[in-house]
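User: I would like to go through this structure in questions and answers. Please let each answer end on the value or name requested.

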Protein chains: 2
Amino acid sequence: MSPTITAFAQSPDRGRGLARDMRVRWAFEEVGQPYDVRLVSFLELKQAAHRALHPFGQIPTYQDGDLALFESGAIVFHIAERHAGLLPHDADARARAITWMFAALNTVEPPIVEREMAGYAERDKPWYAERLPILEGRIRDRLDELAARLGDADWLDGEFSAGDLLMVLVLRRLEGSGLLEEYPTLSAYVARGQARPAYQRAFDAQLAVFTAASRG
Amino acid sequence: MSPTITAFAQSPDRGRGLARDMRVRWAFEEVGQPYDVRLVSFLELKQAAHRALHPFGQIPTYQDGDLALFESGAIVFHIAERHAGLLPHDADARARAITWMFAALNTVEPPIVEREMAGYAERDKPWYAERLPILEGRIRDRLDELAARLGDADWLDGEFSAGDLLMVLVLRRLEGSGLLEEYPTLSAYVARGQARPAYQRAFDAQLAVFTAASRG
């Protein structure tokens, strides 16, 4: 039996591959492992059965026999630890790739999500226009630093790793903001990620869920 | 030679153990491994020599021979992987402990940091008073969910793990907000972490830096 992950029955991103199941789908595709997907409605997300799997009532989750995990970063790491293709064999290079996983999720993603949340929850507030440049300034600080470290390399540290996988998808959350376009090397980095065959397969799989739901 | 980590020469928390070097110090103490500390000034943080170690110009960093890491979560994991005491031996229990590491840093910490940042950067703005309940609502959502999962257990999943270590320190960032006090079981959880002898040794070590700097 393949592991089963959860994804939105109706993804709020309308099949753009920005929901966090995309991280796990891409990881499975990179390592060439099959997986099953169980779709969860917004109502089910907050119900006891799903909370038993995911205390914070989100997607994705991961189930494999008796093991149940949540948090996209943890699930990607779990896949990367068990199958070749997402973490280097060399111990030091492996530790650095894991560092980039945490950097993507704990340093780069939070200000990006904060801007996104403000767009949803505070767009009609009188302060929105004055706060937006503050939020974007914080994101630019991170992008400046990330671009400086990436330089003209293809990936953050040697070969493509789970750190790049998470960073590419975190940066994709800036789509539509115009911010990523200010950084040509980071835009090219994201495009390199998106050009990988494994990314394409994962993207198509999540898009198919949206297309079927729209038809349905 | 012991690994060397970096910490603030003058910690903005005035020795309260809220800076992120505390996470790494506590991890070293739990596994009984010695470590050296190099203090870094605010000026040095943003200079090229430190940026070479930490692209985002923060503390802590970790150096052990040729290996250089950053991100407190990644460093704690690196220590936990190499020494017994922070991750269970059982493979499934280990994966669940790692899940809690990511949950602490990617799900629970961001809204807490957002409130903290607003306190620094927006306290004098006309919208601060109206936004604060929004931010605190987001934190309460997370604490509700965390308290529901913890129940009356001592730790998040069986024995104390690196997931608890990070979660306890993330929750400590709420000190002074009054929010944690609304959740007696979470307050007791944090107190249990703080009562561990390894925590105490780590706390004393970071406090000694502040005390020496204040004298100096």
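**Sheets, interface and local geometry**

User: In which order do the 4 strands of the open sheet in chain B stand?

Analyst: The model is a predicted one. In chain B, 4 strands form an open sheet with mixed pairing. Its edge strands are S2 (36-40) and S4 (67-70) of chain B, each pairing on one side only, and the twist from one strand to the next averages 25°. The order of the strands is S2-S1-S3-S4.

User: Which residue of S3(B) is the bridge partner of B:Thr4?

Analyst: Strand S1 (residues 4-8) of chain B and strand S3 (residues 61-64) of chain B run antiparallel and are joined by 2 bridges. Within S3(B), the bridge partner of B:Thr4 is B:Gln63.

User: Which residue in the turn of the hairpin formed by S3(B) and S4(B) has a positive phi?

Analyst: S3(B) and S4(B) pair in the antiparallel sense over 4 bridges. In S4(B), the partner of B:Asp64 is B:Leu67. The two strands form a hairpin with 2 residues between them. The residue in the turn with a positive phi, about 60°, is B:Gly65.

User: Which strands stand at the edges of the sheet in chain A, each with a single partner strand?

Analyst: The sheet of chain A is open, and its 4 strands follow the order S2-S1-S3-S4 with mixed pairing. Neighbouring strands of this sheet are turned by 25° against each other on average, direction ignored. An edge strand has a single partner, so one of its sides is left without a neighbour in the sheet. In chain A the strands in this position are S2 (36-40) and S4.

User: What is the bridge partner of A:Tyr62 in S4(A)?

Analyst: Strand S3 (residues 61-64) of chain A pairs with S4(A) over 4 bridges, in the antiparallel sense. In S4(A), the residue bridged to A:Tyr62 is A:Leu69.

User: By what turn can chain A be laid on chain B?

Analyst: The superposition of chain A on chain B gives an RMSD of 0.0 Å, with a shift of 0.0 Å along the axis. The two copies are thus related as by a two-fold rotation axis.

User: How are H6(B) and H8(B) oriented to each other?

Analyst: Helix H6 (residues 128-150) of chain B packs with helix H8 (residues 184-194) of chain B at an angle of about 75°, their axes being 9 Å apart. Angles of 65 to 115 degrees count as roughly perpendicular. The orientation of H6(B) and H8(B) is therefore roughly perpendicular.

User: Which residues in H8(B) are met by B:Leu143, B:Leu146, B:Ala147 and B:Leu150 in H6(B)?

Analyst: By class, the contact of H6(B) with H8(B) has 6 nonpolar, 1 polar and no charged residues.

User: Where is A:Pro60 found?

Analyst: Most peptide bonds are trans. The bond that joins A:Ile59 and A:Pro60 is cis, with omega of about 0°. In chain B, the peptide bond from B:Ile59 to B:Pro60 is also cis, with omega near 0°, and B:Pro60 lies in the loop between helix H3 (48-53) and S3 of that chain. A:Pro60 is found in the loop between helix H3 (48-53) and S3 of chain A.

User: What is the phi of A:Arg14?

Analyst: A:Arg14 lies in the loop between strand S1 (4-8) and helix H1 (21-31) of chain A. Most residues other than glycine have a negative phi. A:Arg14 is not a glycine, yet its phi is positive, at about 55°.

User: What ipTM does the predictor give the complex?

Analyst: Chain A averages a pLDDT of 97, and 100% of the residues score at least 70. For the complex, the predictor gives a pTM of 0.98 and an ipTM of 0.97.

Methods. Residues numbered from 1 in each chain as written. Chains lettered and ligands numbered in written order. Predicted model: local features only at pLDDT ≥ 70, side-chain atom pairs only at ≥ 80, totals over all residues. Least-squares fit on C-alpha atoms with pLDDT ≥ 70 in both. Axes fitted to C-alpha atoms, helices over the stretch in contact; angles between N-to-C directions. Parallel < 35°, antiparallel > 145°, perpendicular 65-115°, else oblique. Nonpolar A, V, L, I, M, F, W, Y, C, P; charged D, E, K, R; others polar. Pairing = 2+ DSSP bridges. pLDDT = per-residue confidence, 0-100.
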